[in-house]
Structures are given as C-alpha cells and as structure tokens.
Amino acid sequence: MNHKTTLKDIAKACGVSVTAVSLVLNNRPTRMSQGKRELIVETAKRLRYVPNQAARSLATNKSMLLALLIPDIENMFFASLAKALEDTTSGNGYSLLIANSDDSAHVEHQLLHQFASRGVDGLFLIPSRESVNNSKALKKDVSTLDFPVILTDRLVSEDWCDAVGSDNFIGGQLAAQALLSKGHKRIACISGDTRTGNMNKRVAGFSSTLEKAGFPLDPNLNCSGNYRFDGGYRAADHVIDAHATAVFCTNDLMALGFIQRLEERGLSCPQDCSVIGYDNISEQFGFNHRLSTLDQNIDAMARACSELVYSRIRDMGTQPARNPWITEPKQQFIRPKLVNRATISAL
Ligand code: RIB
C-alpha cells in the first residue's frame, strides 16, 4: 500500500521539528524564516501531503464541518441559499454538508442525529414544514445538540433559537404596494402552506396593506398553494374565473405556474393579469424571465448566518452556558427588495 506522507516525513526532509511543520501548514505564527516556511510548504506539496482531518479534529476539537439541512432539494431557492452559504463558509476553511429533510419531521430528526454523530461544528437549519407547524419535537431535538444551531429562513418569527431570515411582513407589504400603485383593486393571493411562519407573515403584510388602502383581500381570492410550480398552476383557474386583475404568489415557483396556466387559456401577463412572486430565483438561475418579485437578499442572509455561527463557535470555549444559541438567542431579519420587471402593468 502506498506510504501516506506524514508530518514526520516533511520534518525529516526539511531538518525541522514536527511541531514547526504543523505550525507552518496550519498557518500558525512561528519565528521561522520565510525561506524555511516556503521550504516546508514546497516539500509538503512535493511529497503529496494530505492533512489527516480526523487527527486534526482530535487535536483541535473542531471538525471544520458545517451542516445545512434544507426542506426541499427540488426548490431552487434552497439551492441558491446553499450555494451562498457554501461560498461564505469555504472561505473560512469549512466544508458544508447539505442534506434534505423533504419537509418530513421524521427525516429531519434522523439527519440532526447523523450530523451530531459526524461531529459537525455548527448547523444551519431550515425546518421541515411539519416541524414549523409543530415545533415542540424540533425544539427538544435542537436542545440536545452540543453545537450552534442557526434557524435559517423559516421559524425566524419564533425566538427560541438563533435565527436569520427575511422580513416577510415587509415583503408582503412591498408586493401589495407594487400592485396597488398600478391601480389594481381586485387582487388575489396564492400562498404556500399558510401554516408556516414565512407565509403567515407575507400574507399578513400583503393583506394588511390592501386593507389600509380600502381594498381588503377577498377571502375567495386568498388561495393556498404548495410552494411548488403546480400549486400556482392549479390555483390559476379559480383566480382567473373570479376576475382578479392581479395576483401575489408567495414564491416564484407558484408565480411561474400561474403564468403558464394563464397563457394556456389564451390570456397574457401582465395585460390580462399582473403577477408578482417572491424569491427572485429567475435572476439566481439565469432564467430569461420577466417575473416581478421580491428578492430575499440571499447573500446577506448567508453572511449573517455564517458570522453568527462563527461567533458561537468561537465563544464555545469561553462561555459557561452550554447552548447560548437557545438560552440567549440572537435573531436577524434581512429586508427584501422589490424587483419590478415586466409582469406588472397598470390596470
Ligand atoms: O420557495 C420556497 C420558499 O420557502 C421561499 O420563499 C423561502 O422563504 C422558503 O421558506
């Protein structure tokens, strides 16, 4: 079997101690000359040295692994968020493990314990829909974990854990204002699973703004989708036949499904019905689409998540509290931005 280069091999080849090699390869401060440092790095490359992460984890009590648990791997919003989190964490030497709960509390429970068994240093958790609707079991699971947990995107409105998410209420307000400003009065709403925090907040911001403008949301036009393309597609006939002139879909996938059905019926957007979505996935994924939407500022969300988890990891060695991310939670809300393209027009 091929010999795996060790720190001892490098030290012998450079005429220095194993400690000196370890300090240089881990970018720790040393009094060594620049020439000697360069010799150690070059020798490690020449001998094809690969750090033994398991040994390093034992020495530093850090795995340099972070985890992200997403609820729906087929939804491009979560793919975008995963990419943004990977970009912010890899730059600090961490690897990001990504897993999908498929919106199942049972799968989520299993994955949380698998992450724990792999000794991750921190977790970005987007709760499953089942957990958002009944967070008791999730809170119990999270309280048993000995690494920082950042609730991300969902369940931010409840303050039982560190969390970073969009200010969904403002997002709903911006959507309503964009449609009202074009003279629309008979406006529909297609929301995701209205029991999740995000949807409640978006619909609340949207409907309260319509109410204040004197055009309250008609209950007959307040439709439930499912966060997916077919949710918007299936709700479209009801909205069209109820003669709404505009619709707010609480995510882009449902907005795209709605537009597809509108055009299948020989109608056009925005001429026959204006549409606004939420997530701005078309920009993230380079769709050449005209969809007006709310951008959740995923990069800012990812930066806030990473900074929070790093600060918790740093504090773990010094803070007496076992899990301050639960006992003294910190919450951050990122303001969404209106992106007005071509699917909203005047009445
Ligand atoms: O598209 C999926 C939706 O669920 C997004 O708006 C995001 O906020 C998530 O909660």
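A polar contact is defined here as a pair of N or O atoms within 3.5 Å; within protein, one atom must be able to donate a hydrogen and the other to accept it, and residues adjacent in sequence count only if both atoms are side-chain atoms. The model is predicted: local features need pLDDT of at least 70, side-chain atom pairs count only at pLDDT 80 or more, and totals for chains, interfaces and linings use all residues. Residues are numbered from 1 along each chain as its sequence is written, and side-chain values use heavy atoms, with hydrogens and water left out.

An N or O atom in the side chain of Asp 153 lies 2.6 Å from an oxygen atom of the ligand. For the side chain of Arg 202, the corresponding distance to a ligand oxygen is 2.7 Å. Gln 296 places a polar side-chain atom 3.0 Å from an oxygen atom of the ligand. The protein covers 100% of the 270 Å² of accessible area that the ligand has on its own (Shrake-Rupley method, 1.4 Å probe; for residues, only the protein chains shown count as cover).

The structure holds 1 cavity of 30 Å³ or more. A cavity is a set of points, on a 1 Å grid over the protein atoms alone, where a 1.4 Å probe fits but cannot get out; lining residues have an atom within 4 Å of a point. The largest cavity has a volume of about 90 Å³, taken as the space filled by probe spheres set on the points, which are joined across faces, edges and corners. The ligand sits in this largest cavity, meaning that more than half of its atoms lie within 2 Å of the grid points.

The lining of the largest cavity comprises Asn 75, Phe 77, Phe 78, Asp 153, Arg 154, Asn 198, Arg 202, Tyr 227, Asn 251, Asp 279 and Gln 296. By class, the lining has 3 nonpolar, 4 polar and 4 charged residues (nonpolar: Ala, Val, Leu, Ile, Met, Phe, Trp, Tyr, Cys and Pro; charged: Asp, Glu, Lys and Arg; polar: the others, Gly among them). Helices α5 and α10 each supply at least two lining residues (helices: DSSP runs of H or I, at least four residues; strands: E, at least two; numbered from the N terminus).

Two backbone features were noted. Most residues other than glycine have a negative phi, and most peptide bonds are trans. Leu 155 has a positive phi, near 60°, and is found in the loop between β4 (149–152) and β5 (163–166). Cys 269 and Pro 270 are joined by a cis peptide bond, with omega about 10°. Pro 270 is found in the loop between α12 (252–264) and β9 (274–276).

Notes. 1 Å grid on protein atoms, 1.4 Å probe; cavity = no way out; pocket = protein on both sides within 12 Å on 5 of 7 lines; lining within 4 Å.
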